[in-house]
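Welcome, and please take a moment with the model below before reading on. The notes after it are meant to be followed with the structure open beside you.

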Amino acid sequence: MALAYAVSDLSLKDVAAWASALDVAQITGPGLFYRLREAEGWLEHVLGQVLAEQAPQAAGGWSVRVVDATVINGPGKKPVQWRAHVQIDPTTGGLRAVELTDDSGGEKLGRHHFRTGEVVLGDRAYATARGAYAVRQAEAHVIARFNPGNLRTCDLHRERVYLAAKEAEVPNIGEVEYNLLIPVPPKPTKSHKSWDLAKAIAWIPARAIAARTRAGEVIWILTTLNASQLPAPAVMGMYRLRWQIELLFKRLKSLLHLDTLPSREGPTAKSWMLARLIAAGLAQRLVQPSGPLSPWGYQLRSNRQAESTHA
């Protein structure tokens, strides 16, 4: 009945009538309302079980996860009511974990759970020292796009490095990389004063990789993987997989209508969203692709070399 209410867009009264007609349950509309109101914890458990049963996949020998968040709005003037923090497997495009928060739930890597050896892909919102530290504490790695002006970076001698001043060194074709140390700031205080590097609670070895788009814009990628684990071109190629989560959000909102929350802050709003996410998890179990989804690394250079050798 929870799935029927979330997916069919029927009213609670109509779902109760449907259940009665099919001999699923004898319940009234108000009775179903009270059940759904108390079902949040149970639906969270069911969603966790559905997603846990998805077989993990690997990309290029690495177990890759993509994280991002999307806003779910209901009726009313308030711009953000709910935020879904999502983790997916980019090789299948399927959900791996979901957490629902209100508008105060910020996007950060620390709210996700990762396993040893996983590689986490994120956009600029996740390229923080605290986030990278949380991932490394789990013995996982980060690949995230970042803005050099928003992340404090140092050289291997713990001296400040201003990457924005080095953009002139980025070639039109190819990549350039810098070995760095990322200082992890102490716990924030109410004063909001700038903190001294000597107060850093940890130093994270990382690389900053820069390349240009066709329009000449410089893109900066931060990774905690060293060059022997994943060379710069492979890092840039793997980051392209992050687009899969944007495609997932588009599917959830255009096909499953996750953005048509019927009640803004009502007692059944979270249950409705959880049930709809369970439906998404069940759907992805029914239709799994046989191979990796686009965009993928085509290794054009290697193919050209093979063709010239064959010729």
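Predicted model: local features only at pLDDT ≥ 70, side-chain atom pairs only at ≥ 80, totals over all residues.

As a reminder, an α-helix has 3.6 residues a turn, so residues three or four places apart point the same way.

The largest nonpolar core contains 55 residues. Within it, the most contacts belong to Ile-72, Val-86, Leu-121, Ile-143 and Met-238. Helix α8 (residues 269-286) supplies the largest share of this core, with eight residues. Apart from it lies another core of 31 residues, and Ala-140, Phe-146, Leu-151 and Ala-208 are among them.

Setting aside neighbours within four places in sequence, Val-86 is in contact with several residues, including Val-66, Val-67, Leu-95, Ala-97, Ile-245, Leu-248 and Phe-249. Its partners also include Asp-68 and His-112.

Asp-68, one of the contacts of Val-86, lies in strand β1 (residues 63-72). Is Asp-68 buried or exposed? Asp-68 counts as buried because its relative accessibility is 3%, and the cut-off for buried is under 20%.

The side chain of Asp-68 makes a polar contact with the side chain of Arg-242, at 3.2 Å. Beyond neighbours within four places in sequence, the contacts of Asp-68 include Ala-84, His-85, Glu-107, Asp-123, Tyr-126 and Glu-246. Ile-245 and Phe-249 are in contact with Asp-68 and also with Val-86.

## Two positive phi angles

Back at α5, the backbone has something to show just after the helix: Glu-139 takes a positive phi of about 60° there, although Glu-139 is not a glycine.

Arg-158, which is not a glycine either, has a positive phi of about 65°. Arg-158 is found in the loop between β5 and β6 (176-184). With a relative accessible area of 45%, Arg-158 is partly exposed.

Note on methods. Residues numbered from 1 in each chain as written. Heavy atoms only, no water. Helix = DSSP H or I, 4+ residues; strand = E, 2+ residues; numbered from the N terminus. Buried < 20%, exposed > 50% of the residue type's maximum accessible area, 1.4 Å probe, protein only. Core = buried A, V, L, I, M, F, W, Y, C linked by side-chain atoms within 4.5 Å. Contact = heavy atoms within 4.5 Å. Polar contact = N/O pair within 3.5 Å; in protein donor to acceptor, adjacent residues only side chain to side chain.
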